[in-house]
Each structure stands twice: as structure tokens, then as C-alpha cells.
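Please open the model in a viewer and keep a selection panel at hand. The stops below proceed selection by selection.

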Amino acid sequence: MISTQSLFGTGIISLLDEQKNQLVIETTPDVKAAIQICGTFNPDVVVDFRETSSPEDQVLLQELASRCHARVIHCTLEANQLTIYDQTRIKNATVEDLMSAVLK
């Protein structure tokens with residue numbers, strides 16, 4: 001899981017922590033760090049929740065998905081949107097949409 005120190009990120013971590021019996025959570029400061037450790041953890045799902053993202057970030061997230069063979073979910077405050085790197089995009093996403101995508 002890629003995080004920033006923000007209210008948004010803290011809220012997502014809290015939501016995912018409620019699923020501890022189903023999830024093992026590890027955080028990294030950015031996408032590049034997640035790519036570096038993905039071989040160690042072999043995640044099924046990676047959740048990225050930064051407030052904004054650049055085109056470079058989107059390329060790195062796609063690289064992360066292919067290197068880790070993981071489902072990568074990008075949550076953004078921009079339009080309350082989830083982007084799942086099988087190119088699914090959920091606008092006006094709810095907590096239930098996030099949990100469904102993570103646990104799928």
C-alpha cells in the first residue's frame with residue numbers, strides 16, 4: 001500500500017485495518033518504493049491513495065501492476081474516483097466500492 005500522511009490516507013488505512021483477518025497491510029512512501037519491495041511481499045492487491053497523481057505516477061502504477069502481478073487500485077480525491085489497473089474506473093466511489101475492489 002502506498003501512502004501519504006494525510007487525512008485521506010489515514011481514513012483508507014482505518015477502513016482496511018477493519019479487515020485485518022483478510023488482509024496483511026504494508027505501507028510505502030511512494031510507488032517507486034512499492035515497486036522495489038513487491039518481490040518481497042508478493043501482494044495480491046496494492047492500494048495507492050495520494051490526493052493527486054501525475055502522468056508519471058500512472059505509468060509507475062502500471063509498471064507496479066505488471067511487475068507484482070497484483071491488482072493495483074488508485075484512489076483519488078479528484079472526483080472521488082477509483083482507478084483499478086485493469087482499467088476499471090469507478091466514479092463517485094463509495095467505501096463499499098473500495099472494499100469490493102480490494103477483496104475481489
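Begin by selecting E56 and K32, which form a salt bridge whose closest N and O atoms are 3.9 Å apart. This structure is a predicted model. The pair links distant parts of the chain, with E56 in helix α3 (residues 55-68) and K32 in helix α2 (residues 31-41), 24 residues apart. Colour the two by accessibility: E56 is partly exposed, with a relative accessible area of 48%, and K32 is likewise partly exposed, at 47%.

Remain on helix α3 and select E63 together with R67. These two form a salt bridge as well, the closest N and O atoms being 3.0 Å apart. What separates E63 and R67 along helix α3? They are four residues apart, and therefore about one helical turn lies between them. An α-helix has 3.6 residues a turn, so residues three or four places apart point the same way. E63 counts as partly exposed at 25% relative accessibility, whereas R67 is exposed, with a relative accessible area of 52%. The count of salt bridges under the rule applied here comes to two.

Next, select strand β2, residues 71-76. Is β2 mostly covered or mostly uncovered? It is mostly covered, as six of its six residues are buried. Show the side chains: R71, I73 and C75 lie on one side of β2, V72, H74 and T76 lie on the other, and all are buried. In a regular strand the side chains alternate between the two faces of the sheet.

Strand β1 (residues 45-48) runs parallel to β2 and is joined to it by four bridges. For one of these pairings, select V45, whose bridge partner in β2 is R71. Strand β3 runs antiparallel to β2, and four bridges join these two strands. Select I73 to find its bridge partner I84 in β3, then T76, which stands opposite Q81 in β3.

While β3 is displayed, inspect both of its faces. Q81 and T83 on one side and L82 and I84 on the other are all buried.

Which residues of the largest nonpolar core touch the most other members? Of its 15 residues, these are I12, L16, V47, I73, C75, L98 and V102. The elements giving two or more residues to this core are α1 (7-17), β2 (71-76), β3 (81-84) and α4 (95-103). The largest share, four residues, comes from α4. Apart from this core lies another, of 13 residues; to locate it, select L61, L64, C68 and Y85, which are among its members.

Finish on helix α4. Select L98, M99, A101 and V102, which are buried. Turn the view to look down the axis of α4: its buried residues fall within an arc of 160°, so they line one face of the helix.

Technical notes
Residues are numbered from 1 along each chain as its sequence is written. This is a predicted model: local features need pLDDT of at least 70, side-chain atom pairs count only at pLDDT 80 or more; totals for chains, interfaces and linings use all residues. Side-chain values use heavy atoms; hydrogens and water are left out. A nonpolar core is a set of buried Ala, Val, Leu, Ile, Met, Phe, Trp, Tyr and Cys residues joined through side-chain atoms within 4.5 Å. Buried means under 20% relative accessible area, exposed over 50%, partly exposed in between (1.4 Å probe, protein chains only). The arc is that of the directions from the helix axis to the C-beta atoms. Two strands pair if DSSP finds at least two bridges between them. A salt bridge is a side-chain nitrogen of Lys or Arg within 4 Å of a carboxyl oxygen of Asp or Glu.
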